[in-house]
Amino acid sequence: LSPGKLGHKPSLLNFVRLASLPVFPELTPQNFPSLFSRDQPFVVLFGGRGEELDNVGQIAASGELPVIFCQMNVFSPDSLGAELLQFYVPNAGLPALVMVKHKTGGVFEYPYPDDLSKE
């Protein structure tokens with residue numbers, strides 16, 4: 001943001017809101033609008049645990065890719081993760097790493113779920 005834009009109240013509020021979002025958050029109905037407003041593809045880790053969360057979290061923290069990394073729980077009965085994964089990739093195994101390009105409607109699954117825990 002340029003110094004001139006920081007003085008504009010809506011721009012400043014938007015900057016603070018976006019800057020305060022975690023690097024690798026759980027995707028929820030509450031934070032979806034803020035993440036979606038960044039206008040970037042989502043890379044969603046469905047059902048990740050332990051090492052998968054660490055590895056994808058490190059990639060997200062690097063900031064090298066122009067995407068929004070997030071995670072979704074598929075094990076909790078009140079989570080939308082299992083339903084969304086079934087919608088995006090009906091026969092996906094777990095963990096599943098899926099890129100969603102909202103602008104084009106494209107959905108791409110990382111092809112080797114077993115490799116998520118490998119260096």
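What order do the strands of the open sheet of 4 strands have? The order is E2-E1-E3-E4, with mixed pairing. This is a predicted model: local features need pLDDT of at least 70, side-chain atom pairs count only at pLDDT 80 or more, and totals for chains, interfaces and linings use all residues. Residues are numbered from 1 along each chain as its sequence is written, and side-chain values use heavy atoms, with hydrogens and water left out.

View 1. Helices (H or I, at least four residues) and strands (E, at least two) are DSSP runs, numbered from the N terminus. Two strands pair if DSSP finds at least two bridges between them. E2 and strand E4 (106-109) are the edge strands, each pairing on one side only. On average, neighbouring strands are turned by 25° against each other, direction ignored. Axes here are lines fitted to C-alpha atoms, for helices over the stretch in contact, and angles run from 0 to 180 degrees between N-to-C directions.

**View 2. Strand E1 and its parallel partner E2.** E1 spans residues 42-46, and E2 spans 68-72. The two run parallel, joined by 5 bridges. Val43 stands opposite Phe69. Val44 has Cys70 as its bridge partner. Leu45 and Gln71 lie 26 residues apart in sequence, yet 4.5 Å apart in space, C-alpha to C-alpha.

**View 3. Both faces of E1 under cover.** In E1, 5 of 5 residues are buried, meaning under 20% relative accessible area, with exposed over 50% and partly exposed in between (1.4 Å probe, protein chains only). Phe42, Val44 and Phe46 are buried on one side. Val43 and Leu45 are buried on the other. Leu45 counts as buried because its relative accessibility is 0%.

View 4. H4 takes in residues 50-62. Its 13 residues should span 18 Å at 1.5 Å a residue, and its end C-alpha atoms are 19 Å apart, which agrees. The expected span is 1.5 Å times one less than the number of residues. Which residues of H4 are buried? They are Glu52, Asn55, Val56, Gly57 and Ala60. Their cover includes strands E1, E2 and E3, where contact means heavy atoms within 4.5 Å. Gly63 follows H4 and has a positive phi, near 70°.

**View 5. The E3-E4 hairpin.** E3 covers residues 96-101. E3 and E4 run antiparallel, joined by 4 bridges. They form a hairpin with 4 residues between them. In the turn, Gly105 has a positive phi of about 80°. Lys101 has Gly106 as its bridge partner, and Val100 stands opposite Val107. E3 also pairs with E1, in the antiparallel sense, over 5 bridges. There, Val100 is the bridge partner of Phe42.

**View 6. Two nonpolar cores.** Nonpolar side chains tend to be buried together in soluble globular proteins. A nonpolar core is a set of buried Ala, Val, Leu, Ile, Met, Phe, Trp, Tyr and Cys residues joined through side-chain atoms within 4.5 Å. The largest has 14 residues. Leu27, Phe42, Val44, Phe46, Leu85 and Val98 have the most contacts inside it. E1, E2 and E3 each supply at least two residues of this core. Leaving aside neighbours within four places in sequence, Leu85 is in contact with Phe46, Pro90, Ala92, Leu94, Ala96 and Val98. Another core, of 8 residues, lies apart from the largest one. Among its residues are Val43, Val56, Ala60 and Leu97.
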